[in-house]
Amino acid sequence: FYFSYGFLLLLLHIIRAVIALEKKIIVSKLGDNTTLSCIYRGRELHLKNLRVYWQIADDQEECTVVHALISGQDNESEQCIHFKNRTQLFWDRLENGDFSLLLLNVSQSDEHTYKCVVLEKAEYTSMVHQAEVVLSLAASYSQPILSGPISNSDSTGEEVTFSCRSGNGYPEPNVYWINKTDNSHLPPSELMIIPNNNGTYSVFSTLKVKATSNMQIECSIENKILQENLSANYTQRKQSNGSSTESHKNLKKNGQGAQAAGIISVIILIGILAVVICWLRRRRSSRLVSY
């Protein structure tokens, strides 16, 4: 009986420890301020008895301390230089069990798994709460610019080149060329992903295909972390353009025909009026002679 009771207490302790370890994934844009969450929902705690540590959990570098709070005071003696003046706790929330950390002006070097550890010192030091936060960074790519052959050129059957470019995004994107007539994917002829000085990327890709009379090509830039998919389209429909030209010519001809018909109608009307006037004059003259 005692063995079962002791085993049950140990099992409950393990379950509580597993539940206490939170793990969240946060996506932040480069240059933004982001909050690393660490919230304790248990009993009331006193700051003077607490030690709160924020650490880098996925790196083996010598310095892993992101922020430290000891007995209600920030302790910067062990803080990594990279995080100096870039971290702060929410003082108005600490007594409510919110030990979240605000990280300012995030960059690629901040992309880590962070661990929050809350210790309480009474008769002995015990762990009250712990949490892990995975910080992923991202930046939106610019609207892609797609260039292709001149729309009114007759290049059917010839090899033509399309180019697509976008920039200032993070992380490296996926680039897709799509034939919109059947939604098939086309392999790029060239793909360059170029790192920028600010840590973002620019992308340039080309596609070489044989021209058809009805080309519909799409270039798509995908940012998986932000779940963004930006696209640009090129459409060339020579038959439609030809039909439009013929329609324009027919409209012009119809307009000229209507104008000529109007002139002829005016001339006929003048002629009729002249005949009527002459007839009236003759009739008047014949009456005078009879008189």
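These legends go with close-up views of the disulfides and a nonpolar surface patch in a predicted model. Residue numbers start from 1 along each chain as its sequence is written, and side-chain values use heavy atoms, with hydrogens and water left out. Since this is a predicted model, local features need pLDDT of at least 70 and side-chain atom pairs count only at pLDDT 80 or more, while totals for chains, interfaces and linings use all residues.

**View 1. The disulfide pattern of the chain.** Searching the whole structure turns up 3 disulfides (a disulfide here is a pair of cysteine sulfur atoms within 2.5 Å). Count the bonded cysteines along the chain and the pattern reads 1-4, 2-3, 5-6.

**View 2. Cys38 bonded to Cys116.** The S to S distance is 2.1 Å, and the link is left-handed, with -65° about the S-S bond. This pair connects distant parts of the chain, 78 residues apart: Cys38 sits in the loop between β2 (34-36) and β3 (50-56), and Cys116 in strand β8 (residues 113-121). Strands (E, at least two residues) and helices (H or I, at least four) are DSSP runs, numbered from the N terminus. Cys38 is buried at 0% relative accessibility, and Cys116 is buried with a relative accessible area of 0%. For these labels, buried means under 20% relative accessible area, exposed means over 50%, and partly exposed is in between (1.4 Å probe, protein chains only).

**View 3. Cys63 bonded to Cys80.** Here the sulfur atoms are 2.1 Å apart. The S-S torsion is about -115°, so this one is left-handed. Cys63 lies in the loop between β3 and β4 (65-70) and Cys80 in the loop between β5 (73-74) and β6 (87-89), so the bond ties together parts 17 residues apart in sequence. Cys63 is partly exposed at 30%, whereas Cys80 is buried at 5%.

**View 4. Cys164 bonded to Cys219.** The sulfurs are 2.0 Å apart, and -80° about the S-S bond makes a left-handed link. It's a strand-to-strand tie, with Cys164 in β11 (residues 159-169) and Cys219 in β16 (residues 214-223), 55 residues apart in sequence. Cys164 is buried at 2% relative accessibility, and Cys219 is buried at 0%.

**View 5. A nonpolar patch on the surface.** Ile264, Ile268, Ile272, Val276 and Leu280 make up the patch, with about 450 Å² of accessible area together. Ile264 belongs to helix α2 (residues 238-290). Areas come from the Shrake-Rupley method with a 1.4 Å probe, and for residues only the protein chains shown count as cover. Patch members have over 30% relative accessible area and no salt bridge; nonpolar side chains (Val, Leu, Ile, Met, Phe, Trp, Tyr) are joined within 5 Å, like charges within 9 Å. A salt bridge is a side-chain nitrogen of Lys or Arg within 4 Å of a carboxyl oxygen of Asp or Glu.
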